[in-house]
Amino acid sequence: MERTNMKEPTTVAVQVYPNPNKGEFQLVATNDMATITIMDLNGKKVLEQNAIDNETTIFSNLQRGIYLIHVTLTNGATATAKLVVE
């Protein structure tokens with residue numbers, strides 16, 4: 001039996017700093033980011049924006065709490081990171 005067109009798993013890392021923060025933070029990914037989505041813990045989308053590099057600064061008016069950041073890279077891979085806003 002021959003394997004055909006199987007892709008190796010890709011490790012995607014996204015770093016958020018500073019974390020916790022006051023609503024201004026940096027995102028750094030292993031590859032170029034395409035979109036950034038921030039959701040509260042109830043699943044409500046609170047911010048969505050396009051990105052064009054592997055590093056970006058976010059300025060937001062997020063309320064205090066814990067959020068999930070979903071990042072889609074230009075190669076189609078995805079990653080999730082936790083965000084704490086004080």
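Helices (H or I, at least four residues) and strands (E, at least two) are DSSP runs, numbered from the N terminus. This is a predicted model, in which local features need pLDDT of at least 70 and side-chain atom pairs count only at pLDDT 80 or more, whereas totals for chains, interfaces and linings use all residues. Residues are numbered from 1 along each chain as its sequence is written, and side-chain values use heavy atoms, with hydrogens and water left out.

**Figure 1. Overview of the protein.** From the N terminus on, the elements run β-β-β-β-β-β-β. The protein has seven strands and zero helices. Of its 86 residues, 34% count as buried; buried means under 20% relative accessible area, exposed means over 50%, and partly exposed lies in between (1.4 Å probe, protein chains only). The accessible surface comes to about 6,000 Å², and 47% of this surface belongs to carbon and sulfur atoms. These areas come from the Shrake-Rupley method with a 1.4 Å probe; for residues, only the protein chains shown count as cover. Among contacts (heavy atoms within 4.5 Å) between residues at least 6 apart in sequence, 48% join residues at least 24 apart.

**Figure 2. The three-stranded sheet.** Strands β1, β2 and β5 form an open sheet in the order β1-β2-β5, with antiparallel pairing. The edge strands β1 and β5 each pair on one side only. Neighbouring strands of this sheet are turned by 20 degrees against each other on average, direction ignored. For such angles, axes are lines fitted to C-alpha atoms (for helices over the stretch in contact), and the angles run from 0 to 180 degrees between N-to-C directions. Two strands pair if DSSP finds at least two bridges between them. Strand β1 (residues 14–17) is joined to β2 over four bridges, and Tyr-17 stands opposite Gln-26 in β2. On the other pairing, β2 and β5 (residues 55–59) share five bridges in the antiparallel sense. Here Phe-25 stands opposite Ile-58, and Glu-24 stands opposite Phe-59. Strand β2 (residues 24–29) is mostly covered, with five of its six residues buried.

**Figure 3. The turn between β1 and β2.** The two strands form a hairpin with six residues between them. Gly-23 in the turn has a positive phi of about 115 degrees. A cis peptide bond joins Asn-19 to Pro-20, with omega about 15 degrees.

Figure 4. Thr-37 is found in β3, and its bridge partner in β6 is His-70. Thr-37 counts as buried because its relative accessibility is 11%. The side chains of Thr-37 and Glu-48 are joined by a polar contact of 3.3 Å. A polar contact is a pair of N or O atoms within 3.5 Å; within protein, one must be able to donate a hydrogen and the other to accept it, and residues adjacent in sequence count only if both atoms are side-chain atoms. Not counting residues up to four places away in sequence, Thr-37 touches Lys-45, Leu-47, Glu-48, Leu-68, Ile-69 and His-70.

**Figure 5. The nonpolar core.** A nonpolar core is a set of buried Ala, Val, Leu, Ile, Met, Phe, Trp, Tyr and Cys residues joined through side-chain atoms within 4.5 Å. Of the 21 residues in the largest such core, Phe-25, Leu-27, Met-33, Ile-38, Ile-69 and Leu-83 touch the most other members. Strands β1, β2, β3 (33–40), β6 and β7 (78–85) each supply at least two residues of this core. Beyond four places in sequence, Ile-69 has contacts that include Val-16, Phe-25, Leu-27, Ile-36, Ile-38 and Leu-83. In soluble globular proteins, nonpolar side chains tend to be buried together.

**Figure 6. The surroundings of Thr-72.** Thr-72 lies in strand β6 (residues 65–73). Its relative accessible area is 28%, so Thr-72 is partly exposed. Not counting residues up to four places away in sequence, Thr-72 touches Met-33, Ala-34, Thr-35, Ala-77 and Thr-78. Thr-72 and Val-12 are 60 residues apart along the chain, and their C-alpha atoms are separated by 9.8 Å.
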